[in-house]
Amino acid sequence: MKKILWKKDLSVVGGLSAELVYKELVQLRDLQELSDKDFQEADLLSLGFESEANVLFELLSFVKKKNKKIVVYTDYDADGITGGAIMWETLYLLGFDVMPYVPDRKTEGYGFSIQGLAYIKKRYDPGLIISVDHGISAKEKIAYAKTKLGIPIVVTDHHLKPKSLPDSAEAVIHMDFLSGSGVSFFTARSIMRKFAKKNNDEVINNFEVDYPVLASIGTVADLVPLVGLSRLLVKKGLFNFSRVKRVGLRQLLKNSGIDNKKISPYEIGFIIAPRINAAGRIESGLTALQLLCTKSLKRAAVLAYKLGQLNKHRQDLVELFFKQVESKYADLDKLPKIIIEYNSELDEGIIGLIASRLVEKFYRPSIVFTDSDGFIKASARSVEDFHITNFLRKSGELLVEVGGHSQAAGLKVAKEKFKELKSLLINLADQEIQADMLIKKTVVDFKINLDQLSESLFFKIMELEPFGIGNPRPSFYSRVKVVSASLFGKNNEHTKLLITDGTAQIEALAFRNEELFFKVHRDDQLDIAYTLSLDKWKDKTYLKALLLDYEFVR
């Protein structure tokens, strides 16, 4: 089966213009042509949540009148922490008596728990709880809070809706087209517009600079497609990274070595978000929340350093266990359709990272289990064509709980049910996972001739930034012949090819792939998938192809 596929053939289009390529990309990706005005106007009312907004506003007015506390109960990952920071700080700056609550990953687990709710009741006796980045699957816990503890809850979430919704919640604000921090941003903005007074300059200004930055971190970290409002939110956030004065963020960037660098989704996904996530995975997510909200430079420096150390520790733990598991699957011809691993000594904060590494290495849906507070918990990650959460839900009553997305899920099972669950999942996988689902495919936007590439095309498609999930960097396919090959880089770890398709020549770069140099020969034919970059040398610019994938044509 061919592993490099394209969505549209533009090689047959004569006089191909940059504008046409741009329009084709917008259509292929269903990118809504939203404007900055659309972004500025977006809130609960314009997004179709007028009744939920009114319920929330009434509850907020009531608790303020009665001098009751509000608790923002947020998730411990980067999406939840950034969304929680936005919600908590907005309410605080508007004069509400509000406290944040981040559950302990090991003792309480994801989302609402009886233990966490009972603690909140005893410690704060709040008049309202607002969830951030969770709650849509917590029907029983929300009912418990209302009927047993007398605490009303408003849910803000973006996760996949279960069949049974939390009907005990006072309001459910659910938007699956945003991240948890995105839902929090537009909900908090609605609260600000309802309750802000003329002297609330700080909170009003935060929605122009700081909060889009925080929400962009959460959105990219949670792999939310960068289309529609999410794309505008991330674009606004990336633009404001250099302008934000929030000391916690500035120290986080400094500690990461990127304080003077232009921030893109890459820096968020691979440098910033892992440090925020490390707090909740290894210790307490509250540490990351405190970093994002502190006004003390000294405290910010200490907390940013701590997150850096926790992230390094997390990386070491993941690498250690991954190497142990990797050796079990050395014979690639005997890979199962689904990888299921259990280790009672694993820290549950890293099981999702290990599952991701397994998918990356073996391209199989992967589930990693560990012991947790009398149960066995797991994180699952999947391949592109297989919806892991829907698959897991077919286990029915064997699971204590399950939730997630198409590509990632979390679950809990009683210890005595684990063997039965494992057997069922293996049998289900054998039935439902087809062989072609397990072939990693590179799908590019366009088949194109090299003479159709131009600097004007490059600059036009770059207008679609920011690139990320749902809106990747535009990519192309061409069948080419190798003219020459060489190695470059400090340790000769990269390969440079000069290639032609008979219409034009271009340099193609394969980073961290010296292996290609030793495989390829002059006049070899290759099918290549690539993106474009523009290099500058001595006041001249050169268009280059950055290889994503290649196949020899035999």
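Modeller: Helices (H or I, at least four residues) and strands (E, at least two) are DSSP runs, numbered from the N terminus. Helix H11, for instance, covers residues 247–256, and Ser-256 lies in it. This is a predicted model, in which local features need pLDDT of at least 70 and side-chain atom pairs pLDDT 80 or more, whereas totals for chains, interfaces and linings use all residues. Residues are numbered from 1 along each chain as its sequence is written, and side-chain values use heavy atoms, with hydrogens and water left out.

Biologist: Why is Ser-256 called buried?

Modeller: Buried means under 20% relative accessible area, exposed means over 50%, and partly exposed lies in between (1.4 Å probe, protein chains only). Ser-256 has a relative accessible area of 14%, and therefore it counts as buried.

Biologist: What lies around Ser-256, leaving aside its neighbours within four places in sequence?

Modeller: Contact means heavy atoms within 4.5 Å, and by that criterion Ser-256 touches Ile-271 and Arg-275.

Biologist: What makes Leu-289 buried?

Modeller: Leu-289 has 4% relative accessibility, so it falls in the buried class. Its place is in helix H13. Beyond four places in sequence, Leu-289 is in contact with Ile-81, Gly-84, Ala-85, Pro-100 and Val-102.

Biologist: Which residues are closest to the centre of the second largest pocket?

Modeller: On a 1 Å grid over the protein atoms alone, a cavity is a set of points where a 1.4 Å probe fits but cannot get out, whereas a pocket is an open set with protein on both sides within 12 Å along at least five of seven lines; lining residues have an atom within 4 Å of a point. Points are joined across faces, edges and corners, and a volume is the space filled by probe spheres set on them. The second largest pocket holds about 410 Å³ of space. Of its 23 lining residues, Met-99, Pro-100, Leu-286, Leu-289 and Gln-290 are closest to the centre.

Biologist: Which elements each supply at least two residues of that lining?

Modeller: They are helix H4 (78–93), strand E3 (98–101), helix H5 (114–124) and helix H13 (285–293). H13 gives the most, with 5 residues. Ala, Val, Leu, Ile, Met, Phe, Trp, Tyr, Cys and Pro count as nonpolar, Asp, Glu, Lys and Arg as charged, and the others, Gly among them, as polar. On that basis the lining has 13 nonpolar, 4 polar and 6 charged residues.

Biologist: Why is strand E8 described as largely enclosed by the rest of the structure?

Modeller: Of the 7 residues of E8 (residues 366–372), 6 are buried, and the strand is therefore largely enclosed. Strand E7 (residues 339–342) runs parallel to E8 and is joined to it by 4 bridges. Two strands pair if DSSP finds at least two bridges between them, so E7 and E8 qualify. Tyr-342 stands opposite Phe-369 in E8.

Biologist: What makes Arg-473 partly exposed?

Modeller: Arg-473 has a relative accessible area of 33%, and so it belongs to the intermediate class. Arg-473 is in the loop between helix H18 (455–461) and strand E13 (476–488). Among its contacts beyond four places in sequence are Arg-29, Asp-445 and Phe-458. Pro-466 is found in that loop too, and the peptide bond from Glu-465 to Pro-466 is cis, with omega near 5°.

Biologist: Is Lys-460 buried or exposed?

Modeller: Lys-460, in helix H18, counts as buried at 17% relative accessibility. Ala-18 is 442 residues away in sequence, yet the two C-alpha atoms are 6.1 Å apart. Ala-18, Glu-19 and Tyr-22 are its contacts beyond four places in sequence.
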